[in-house]
Amino acid sequence: MAGFENEKKALQDAMVAYKVPGILDAVEKARAAKMPANDIINAMGDGMTEVGVLFERGRLFLPHVLSAAAGMTKAMEVLGEDLKAQGGAAAAKKASVVMGTVEGDVHDIGKSICSTMLQCAGFDVHDLGRDVPKQKFIDECNNGCSMCGMSALMTTTMTVQRDVIEMMKEAGIRDKIVVMVGGAPVTQSWCDKIGADVYGESASETVSKVKDL
Amino acid sequence: MAAQEFYTRMGDGKRVTMTKEKIMADLQAGTADAADMGTIPALTADDLERLLDIICDRNRVVAVEPGNEVVLTYDIGQLDFTGDNGNSGNGVDMGRLEAALIHERALGADTFELAHSDYSIKPVKPVISMEMQTMEEIQQEIIAPFFYGAMPNMGLYYAPDGPYGNPADLMREFKIDESMQQSELAAEHLARDIEYVGNKIMAAGADGFDFDTMASAGDADFVGGLKGVEALRKANPLAYINTGMAGESVMGIHGGIEFHGKTVAGLFPHQQVKVCEEAGANVFGAVCNTNTSKSLAWNMARAVTFVKECVKQASIPVHCDLGMGVGGIPMFETPPIDAVTRASKAMVEIAKCDGV
Amino acid sequence: MDMAHMIASGMGGIRTAGDLVARMEYAKNMKIDKAKEYVAKKLGLSTLDIADEHIMRDLREELKIGVVTGLPGAPRGIAAKMNIEKLLDIKINSCEKFRQSLKN
């Protein structure tokens with residue numbers, strides 16, 4: 001992205017400032033400077049990661065996160081067309097991810113934030129909400145999701161994460177799926193114990209880990 | 001283990017060995033993280049040396065010096081015996097009177113509380129008469145201050161469990177204004193329920209009310225809880241009111257909701273205590289969350305930094321929350337005793353909290 | 001957990017004067033040092049002594065404010081708390097409600 005440092009910074013700053021018009025303005029200026037659409041998207045993605053970190057550190061709040069996400073979604077309408085024009089291909093999604101809070105558990109907020117941040121990082125997210133039956137995770141994996149994120153906020157429900165992994169093994173799809181686990185009582189030890197692939201201490205850490213896969 | 005190494009723990013409870021130098025490096029990183037996050041002073045060099053001594057003590061159990069003992073308060077009442085592993089309960093069925101007296105007479109409890117099995121304000125409403133009878137009965141026997149405890153738990157007021165739209169769902173659909181409005185309505189409903197339940201239980205002779213895990217559903221939950229506390233205080237000047245938090249920072253799910261003109265989202269313990277004081281709390285329960293991927297040293301330094309500043313700023317006593325996964329204690333169902341006693345001593349002797 | 005904290009940093013409840021110090025924290029918003037000084041003064045002891053089982057066991061029995069062991073005839077519950085009200089010069093809600101329930 002050499003040569004577009006000012007635009008990159010303006011895009012990241014606009015994301016952190018979370019106002020939709022500001023984000024669209026920064027995108028228009030970057031386009032006017034002939035910054036490639038893919039680089040604009042990546043710069044906004046980096047900004048979104050920063051938004052997530054600021055949320056976790058109590059500096060920004062959920063409406064701000066969602067406002068930044070709305071700005072990015074709106075910008076993608078134009079940038080998707082640019083991508084097609086520049087390379088003939090629309091914005092390629094990184095991977096399809098099924099996300100949900102496991103059955104018996106209605107805690108939703110952390111998982112929703114993680115879903116939003118994954119979406120902004122370019123993943124195709126299928127968020128099933130809360131209290132999700134085990135089989136639904138398997139069904140989504142059979143329907144094309146290559147990543148599965150399960151949240152559990154109680155010691156009584158975290159065992160469902162293990163159950164779903166066992167069901168994946170029985171269905172013969174475990175090796176094809178990246179399994180992510182998170183939630184208050186969930187730890188790296190638990191992740192290792194049940195044979196999951198990724199443990200996220202926070203939403204931003206989860207996104208950072210899966211981007212590196 | 002090499003002679004220069006010490007047994008210690010990770011935030012998930014796993015035992016590890018570390019050198020003194022590595023422990024000190026983690027202490028410094030932990031306090032720096034809290035200082036940066038809360039915009040508060042880091043621990044002094046003396047504080048860090050004392051923390052190092054506590055962590056490196058070769059004894060399994062450590063304790064405060066005689067004369068430094070503090071008051072203990074409890075959450076979940078009898079559920080620590082009767083509950084399941086979801087609340088670290090032992091699964092031992094017993095009456096609530098027996099549980100209270102065992103705490104008072106066998107476990108050295110300075111205070112204790114009565115709790116409903118769902119431990120939330122909303123489900124207590126339909127059974128409040130039964131709770132009142134049990135409170136009256138136990139007050140006849142117990143000597144130590146005996147509270148009623150419950151979580152405001154505003155999540156129960158949102159769909160699918162309650163009448164208001166779920167803010168997380170609405171936000172996901174970018175219906176930000178509607179989400180905020182639903183949070184505000186739910187907060188008002190919660191405040192009314194707290195006033196109702198609180199006044200009834202005080203009429204049954206409770207010493208007071210322990211509000212546990214305030215702001216668990218974010219900033220609107222906190223405002224609803226604070227308004228409930230304010231109403232309870234107004235009607236019951238004698239009530240002992242404990243306001244314990246859910247986390248070190250108030251999660252901004254609404255983002256702009258205020259209590260007495262102050263936006264509560266993003267408040268840290270030293271700021272949370274001030275709004276609780278304003279609402280009429282007698283004691284504030286400070287919380288700092290444990291990071292399971294970091295060491296006990298990192299977590300303890302971080303938690304002590306937050307609580308020390310909170311105690312400094314508070315005009316009311318501060319009881320530090322030292323349960324599973326908070327206050328530096330590992331996030332594990334049966335937290336190791338060595339880690340628990342180290343966190344306990346550090347919070348009392350370095351953060352100078354008034355209770356645990 | 002309860003036992004670990006009691007051993008590491010707890011006052012000991014009615015084994016000592018933990019319940020009394022707790023009452024002063026809650027009834028008067030006193031921080032721990034002030035609450036201990038207040039209770040110690042009322043008991044005629046030092047702040048070190050009020051967490052000492054050896055001193056507090058007999059003193060609690062003498063003052064009729066409840067003891068930790070099963071002692072027939074020793075006041076407990078409301079009776080012990082009424083004595084605590086007088087000792088600490090505070091009002092206790094359960095005692096107030098008990099008095100209100102009496103028919104003069």
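The following paragraphs lead through the chains of this predicted model, from the whole to single residues. Local features are described only at pLDDT of at least 70, side-chain atom pairs count only at pLDDT 80 or more, and totals for chains, interfaces and linings use all residues. Residues are numbered from 1 along each chain as its sequence is written, chains are lettered from A in the order in which they are written, and side-chain values use heavy atoms, with hydrogens and water left out.

Contact here means heavy atoms within 4.5 Å. There are 2 pairs of chains in contact, and chains B and C share the most contacts. Chains A and C do not touch, and 17 Å separates their nearest C-alpha atoms.

Chain B holds 12 helices and 10 strands; these are DSSP runs, of at least four residues (H or I) for a helix and at least two (E) for a strand, numbered from the N terminus. Of the 356 residues in chain B, 64% are buried, where buried means under 20% relative accessible area, exposed over 50%, and partly exposed in between (1.4 Å probe, protein chains only).

In soluble globular proteins, nonpolar side chains tend to be buried together. A nonpolar core is a set of buried Ala, Val, Leu, Ile, Met, Phe, Trp, Tyr and Cys residues joined through side-chain atoms within 4.5 Å. The largest core has 138 residues, among which Leu27(B) and Phe222(B) touch the most other members. Its largest share, 10 residues, comes from helix H11 (residues 296–313) of chain B. A second, separate core of 49 residues includes Phe4(A) and Leu11(A).

In chain A, helix H2 (residues 20–32) shows two sides. Ile23(A), Ala26(A), Val27(A) and Ala30(A) are buried in H2(A). These residues lie on the same side of H2(A) because they cover an arc of only 100° around the axis, the arc being that of the directions from the helix axis to the C-beta atoms. On the other side of H2(A), Pro21(A), Lys29(A) and Ala32(A) are exposed. The cover over the buried residues includes helices H1 (5–17), H3 (37–56) and H4 (62–87) of chain A.

Finally, Ser344(B) lies in helix H12 (residues 337–349) of chain B. Ser344(B) counts as buried because its relative accessibility is 0%. Leaving out residues up to four places away in sequence, Ser344(B) touches Leu322(B) and Val356(B), and also His5(C), Ala8(C) and Ser9(C).
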